Amino acid sequence: MDFELSAEQRMVKDLAREFAQAELKPLAIELDRDSRFPEEIFKKMGELGLLGIPFPEEYGGSGGDTISYALAVEEIGRACGGSGLSYAAAVSLGASPIYYFGTEEQKKKYLTPLASGKGLASFGLTEPNAGSDAGGTHTTAKLEGDEYVINGEKCWITNAGFADFITVTAAVAGKEKNGKKVISAFIVPADAEGVTIRSDYEKMGVRASNTCEIILENVRVPKENVLGDPDGGFKQFLYTLDGGRISIAALSVGIAQAAFDRALAYSKERIQFGQSISKFQAIQFKLADMAMEIELARNMVLKAAWLKDKGKPFTKESAYAKLFASEMGFRTCNQAIQIHGGNGYMREYEVERYLRDIKLMEIGEGTSEIQRLVISRQLGC
């Protein structure tokens, strides 16, 4: 087994770290305070090729792999959790479904601007009554001539307020397969007539990430906007979520690493009873556990990414990584506050933001409970 990163992977990691620490981290407090999506940062990431890492050069991408992408997510999330979430969603949920399932024409038309950083897309799956039960979608699509008419509502959709188009899932009216409704995915222009996008959420954390509600009222899209196999929408979003879980796990590692870095530095600076608190065994053991769990989570992320790059099954491993990394991240951020004591409760020390940001990782892209369900099914239970 070779745990050495390739020269290309190290280059991507270093590029992402240098950019994130220099350009993004200084803005993180402001972005969180103002709930502001950093358009200028995303423009620069596009120019650097970070938005196209896992896509072929022929579609405007960088020709990298999933490992490189996961490393970039970690570094961007380490600088700003909200921006890291929007970055992960832009690639894993916005662009990847087009790459995985799109026709050649769809890839050239939609993927190329996304991968080259000249556009942004969203993935509209979750609904008010279809969260963990994503297959229970109430959004409908009815074929009328050469167009589909889509009606429904999507919620908690990342980046939708800045997207050029949204890939939405909908149950096709009058169509069933094996006794179940057929779900298709549709590429819907964000400015199409009948599309209303609202960004009214007041969130606990990841406030730099744009989160929207989408209303679809008699939205008409041509048949060629069906993504890939018209009968394969359900399988498409399950595969998309498998890949997305790798990115959420990587983001969890990044946020946890930021919290650890801050806690370690503070423990060496804070003097109590005549010495730095890093000299006390109670603090040392906390830091040791935090460092160990971060490394374990990082290795789980990289293994899942490696399996995906090799074309091997990775559903179970991506669920392992997402579940462990997100829950590890919450433990780490919570302990970072504890090490800071009263100062940890103050915004100026940032660790309280890390805790607010990390909590979503246990919820989004499938809750911890859903991850355990996925794993148990993979085990044949």
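What follows is a short exchange about salt bridges in a predicted model.

Biologist: Why is the contact of Glu4 and Arg10 called a salt bridge?

Modeller: A salt bridge is a side-chain nitrogen of Lys or Arg within 4 Å of a carboxyl oxygen of Asp or Glu. For Glu4 and Arg10 the N to O value is 3.4 Å, so the pair meets that rule. By this rule the count comes to 28 salt bridges.

Biologist: What makes Glu4 exposed?

Modeller: Exposed means over 50% relative accessible area, buried under 20%, and partly exposed in between (1.4 Å probe, protein chains only). Glu4 has 55%, so Glu4 is exposed. Arg10 has 36%, so Arg10 is partly exposed.

Biologist: How do you know that Glu327 and Arg372 form a salt bridge?

Modeller: Their closest N and O atoms are 3.0 Å apart, which is within 4 Å, so the pair qualifies. Glu327 lies in helix 9 and Arg372 in helix 11 (residues 368–378), so the bridge ties together parts 45 residues apart in sequence. Helices are DSSP runs (H or I, at least four residues), numbered from the N terminus.

Biologist: Why does Glu327 count as buried?

Modeller: Its relative accessibility is 19%, under the 20% limit, so Glu327 counts as buried. Arg372, at 43%, counts as partly exposed.

Technical notes. Residues are numbered from 1 along each chain as its sequence is written. This is a predicted model: local features need pLDDT of at least 70, side-chain atom pairs count only at pLDDT 80 or more; totals for chains, interfaces and linings use all residues. Side-chain values use heavy atoms; hydrogens and water are left out. Helices (H or I, at least four residues) and strands (E, at least two) are DSSP runs, numbered from the N terminus.
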